Amino acid sequence: MEGLILFVGVIGNIISVLMFLAPVGTFWRIVKHRSTEDFESLPYVCTFLNSFLWTYYGIIRPAGGLLVATVNGFGVVVEIIYLILFLVYAPAKMRAKTAILIGTLDVGVLAAAILATWLALQGETRIDALGFICAGLNIIMYGSPLVAMKTVITTKSVEYMPFFLSFFFFLNGGVWTFYAWLIRDVFLGVPNGIGFLLGTTQLVLYAIYSKAKPADNISSGLLEEGRQHEPLISPSSATPSHQKNGEILETT
């Protein structure tokens, strides 16, 4: 059993690393165009917070936490790079919004969570409390691509929901759910199970709308705008996800 747990954990780490790196194409486009275009920063902000807390959780968890901590530590470094690039190339309004999100979630919420669990709790109670927080944030991270999914359905275009990020969300959720079952960790299992289902939904949407013609997408967008008499807002992205979908990761 120990050998199986290690094997599944290593596979999960590899998939999680690939998921963290999935938005590289998105940020290459951002750097090349010197603009964040319609991409949203929320998935990266959430993934940083999520990865940092999972790293902390993995460190204080006595059994089965090492693989969780190492891969999420990698995710923290990657998300910092993504957020810096987003702040550099985002227009003023989006830069201000991103800075507020970082200050609120990645500084305020993170500091409050660490201080509360470290100073007020001890032992298993601390681990359980932090696991509950991590699970909730993981669900939010996996849910952040819902905005991108709405955009896909509205515009009938998958431009702002990259296939590989959705695919790695699907794989990541599935493998870590299995790993959580092996080590009997409900905090790890529940959010990744949800992530697996959301990743599956994203792949289904991608299969439906990936072959839509640009002309059809444009016409649909114009008709939708005419009906609503207001500009279409296209957020997206982790990551994971995405957004170009959300990024996300946590990976766990």
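What pattern does the protein follow when read along the sequence? The pattern is α-α-α-α-α-α-α-α-α-α, and the protein has ten helices and zero strands. Helices (H or I, at least four residues) and strands (E, at least two) are DSSP runs, numbered from the N terminus. The model is a predicted one, in which local features need pLDDT of at least 70 and side-chain atom pairs count only at pLDDT 80 or more, while totals for chains, interfaces and linings use all residues. Residues are numbered from 1 along each chain as its sequence is written, and side-chain values use heavy atoms, with hydrogens and water left out.

Of the 252 residues in the protein, 51% are buried. Here buried means under 20% relative accessible area, exposed means over 50%, and partly exposed lies in between (1.4 Å probe, protein chains only). The protein exposes about 11,700 Å², and carbon and sulfur atoms supply 74% of that area. Accessible areas come from the Shrake-Rupley method with a 1.4 Å probe; for residues, only the protein chains shown count as cover.

In soluble globular proteins, nonpolar side chains tend to be buried together. A nonpolar core is defined as a set of buried Ala, Val, Leu, Ile, Met, Phe, Trp, Tyr and Cys residues joined through side-chain atoms within 4.5 Å. The largest nonpolar core has 49 residues, and Leu53, Tyr57, Tyr179 and Leu188 have the most contacts inside it. At least two residues of this core come from each of helix 1 (2-21), helix 2 (24-33), helix 3 (42-60), helix 4 (66-89), helix 5, helix 6 (123-143), helix 8 (163-183) and helix 9 (186-209). A second, separate core has seven residues, among them Ala148, Val152, Leu205 and Tyr209.

In helix 2, the buried residues are Thr26, Phe27, Arg29 and Ile30. Seen down the axis of helix 2, these residues fall within an arc of 150°, so they line one face of the helix. The arc is that of the directions from the helix axis to the C-beta atoms. An α-helix has 3.6 residues a turn, so residues three or four places apart point the same way. The exposed residues Trp28 and Lys32 are carried on the face of helix 2 turned away from its buried side. The buried residues of helix 2 pack against helix 3 and helix 4. Just after helix 2, arginine 34 has a positive phi of about 55°.

Helix 8 has 21 residues and reaches 30 Å from its first C-alpha to its last. This is close to the 30 Å expected at 1.5 Å a residue, where the expected span is 1.5 Å times one less than the number of residues. The buried residues of helix 8 include Phe168, Phe169, Trp176 and Tyr179. Arginine 184, which follows helix 8, has a positive phi near 55°.

Three salt bridges are found in the whole structure. A salt bridge is a side-chain nitrogen of Lys or Arg within 4 Å of a carboxyl oxygen of Asp or Glu. Glutamate 37 pairs with arginine 29, with the closest N and O atoms 2.5 Å apart. Glutamate 37 counts as partly exposed because its relative accessibility is 26%. Lysine 97 forms a salt bridge with glutamate 40, the closest N and O atoms being 3.1 Å apart. This pair links distant parts of the chain, since lysine 97 is in helix 5 and glutamate 40 is in the loop between helix 2 and helix 3, 57 residues apart. Lysine 97 is partly exposed at a relative accessible area of 39%, whereas glutamate 40 is buried at 13%.

The remaining salt bridge joins the side chains of arginine 61 and aspartate 185 (2.9 Å, N to O). Arginine 61 lies in the loop between helix 3 and helix 4 and aspartate 185 in the loop between helix 8 and helix 9, so the pair ties together parts 124 residues apart in sequence. Both arginine 61 and aspartate 185 are buried.

Threonine 98 lies in helix 5 (residues 92-120) and counts as buried because its relative accessibility is 0%. Leaving aside neighbours within four places in sequence, threonine 98 is in contact with Ser41, Phe86 and Leu87. Leucine 67 lies in helix 4 and counts as buried at 16% relative accessibility. Not counting residues up to four places away in sequence, leucine 67 touches Leu6, Gly9, Val10, Asn13, Trp176 and Tyr179. The C-alpha atoms of leucine 67 and valine 10 are separated by 7.3 Å, with the two residues 57 residues apart along the chain.

Notes. Contact means heavy atoms within 4.5 Å.
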